[in-house]
Amino acid sequence: MNSEQVQLPAAVSIRNLYKAFGTNPVLRSFSLEVAAGENVAVMGKSGSGKSVLIKCIIGLETIDEGDLVVLGKSVPGLSPRELDLLRADVGFQFQGSALYDSMTVRENLEFPLRRHQEKMKGLRTDDLVQEALSSVGLLHAIDLLPSELSGGMKKRIALARTIIMRPKLILYDEPTSGLDPITGREISRLIVDIQKQYRAASIVITHDLACARITGNQLVILSEGRNYVQGTFDEVAGITDPVVHSFFT
Amino acid sequence: MINVLRNFFLTTGQISQFTARYWREVWFPPYEFQELLKQCFFIGNKSLALVGTTGFIMGIVLTLQTRPTLIEFGAQSWMPAMVGIAIVREIGPVITALICAGKVGSGIGAELASMKVTEQIDAMEVSGTNPFKFLVITRVTATMIMIPALVVMSDVISLLGSAMVENIKGGVSFTLYFSKVLEFLDFSDLIPSIIKSFFFGFAIGIIGCYKGYTSSRGTEGVGRTANEAVVIASLLVFILDFIAVLVTDIFYEL
C-alpha cells in the first residue's frame, strides 16, 4: 500500500461548535479538522474567540453545542479523570507562558511529570527535563527562577514544559506575542522543529503573520465565530475578500 | 441598599460553597503533603518575627498600663494571674490572628489572584493537577495548623515581656512570675483559646484563598483582592471571637 494513501485519524475534529458567554456568542458553527502531525495556524482579530477555541479543546471551557473530538475522544462527555488522561497527551502553551513563579525551571518541568507518572513510567525525570530543555536550547537555565528569565526564554521554557509529556497534540496560544520580530521568528522555527521531532499535531493561535507563515501547514481565518477561510498560507494570502485581505495588509 | 444586601448574601453564599468544597475535598487523595509542608513553613516562618515582636510588646504594654491601678488597690500580686489569663484567653489569639489576617491572608489572596491573572491556575489544570487541592486545601490546612502554633508562641513571648517588666519594676523573679501564672491558668483557659485559634486560621486561609481564587479584573484585581481578604478575614476574626466567648461562657457556667 502506498504510504500516501494511509489516512491517519484526525487529531482534532470539530463540527458546528457553538460557545457563548451569557448572551454573547463567541464561536458559531465553527468546524475544523486537524490531521495527525499537521500544524494549523488560526488567525483572527482580538476577541474573535481564538483562545476560547483552544480552551474548549483542552476542556478549560465547556462547549454549548456541537461535536468536539480530540485524539479520538469526545471532550464534552469525558469524566474529570478521563479529561486528565487526555490532557497527558495534549500540550498547552499559554500566551503569557504561565510558568509557576515560585518554582525553578527544573521544578516547572517536573510538575506535569509528577502528575502523569503512569504515562512516563520507566523514564527518568532528570533525563526528560534535560532532553526538553536541550530541545529549546536552554539547558543552562535549569536552576533559574522564572523572574530571572527574559520574555523569549520564558516562552522557550513554557515550550519545554509543553513537550516534556511528549504530547500528540500541542496547542499554542499566541506563542510570539510580546516578543521582538527576531525572537518571534526563532520561536516559530522552534515550533516547526518540535513538530518534526515529536511528530505532534498542533494548533497555533496567532495574530502574527510571520508566525502563521512559518508554522502553519494550513491557515484558518476565524471571523465572526466561524471558520471563515481555510487553506495553505499562499492560498489564503491570494484571496481578495476584504475580511481575509485585512489580515495581510 | 437592596444591592448592598444582595451582594452581601451573594458573597456569603459563595464563600459558604467554597468552604463546603474544602471540607468535601480535603479527605480524598491526592494529598499534597509536600506543598502542605512548604506552606506551613512559609506561614510559620514568615510570621514568626512579627508575631513574636508584637506579642512581646503587648505583654510589656499590658503590664505597664495595669500596674499602677493594681498597686493602687494593693493587688500587685495578682498581676501574673491577670496578665496570664488576659493574654492566653483573649489578647494572644486575637492579636496573632489579626496580624496573620494582614500578613498571611493578604499574601495568599494576592498570590492566588496573580496566579489566576497569569493563567498559572489554568496551566496547573491542563497538566492534570487539581488546582483547588494543590493551592487551596494546602494553604487553608497550613493556616489552620500554624496559627494555633503561632498563638502559643505569642502567648509565651507576651508573658516573657510582662515578666520582664515585673522583674525590672517590682523585683519579681522570672521563676516566681511564671509559677504564679501557671498557678492561675488551667486547661480550661488554654483549650478554648487553641480551639478558637484553629477557627481563626481556617477563616484567614479560606477568605484569602476564596478572594484569590475567584479574583477578576486582571492586575488591578490583585491589589483589590489582597485588601478585601484582610478586611473580611479581620472582621471574621472578631465575629468568631465573639461566638467563641459566648460558647466558652456557657461552658464556664456549667
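This passage covers the overall build of chain A and the packing of helices H5(A) and H6(A).

The model is predicted: local features need pLDDT of at least 70, side-chain atom pairs count only at pLDDT 80 or more, and totals for chains, interfaces and linings use all residues. Residues are numbered from 1 along each chain as its sequence is written, chains are lettered from A and ligands numbered from 1 in written order, and side-chain values use heavy atoms, without hydrogens and water.

Chain A has nine helices and ten strands (DSSP runs numbered from the N terminus; helices are H or I of at least four residues, strands E of at least two). Its radius of gyration is 18 Å, close to the 18 Å that the globule rule gives for 249 residues, so chain A is as compact as a globular protein of that length (C-alpha atoms; the rule is 2.2 Å times the number of residues to the power 0.38). The C-alpha trace spans about 50 × 50 × 40 Å along its principal axes. Buried residues (under 20% relative accessible area, 1.4 Å probe, protein chains only) make up 52% of the 249 residues.

The axes of H5(A), residues 151–163, and H6(A), residues 181–198, come within 11 Å and cross at roughly 15° (lines fitted to C-alpha atoms over the stretch in contact; angles run from 0 to 180 degrees between N-to-C directions). That makes the two helices roughly parallel (angles under 35 degrees). In contact (heavy atoms within 4.5 Å), H5(A) residues including A:Leu159 and A:Ile163 meet H6(A) residues including A:Leu190 and A:Ile194.

Definitions and conventions: Angles under 35 degrees count as roughly parallel, over 145 as roughly antiparallel, 65 to 115 as roughly perpendicular and the rest as oblique. Buried means under 20% relative accessible area, exposed over 50%, partly exposed in between (1.4 Å probe, protein chains only).
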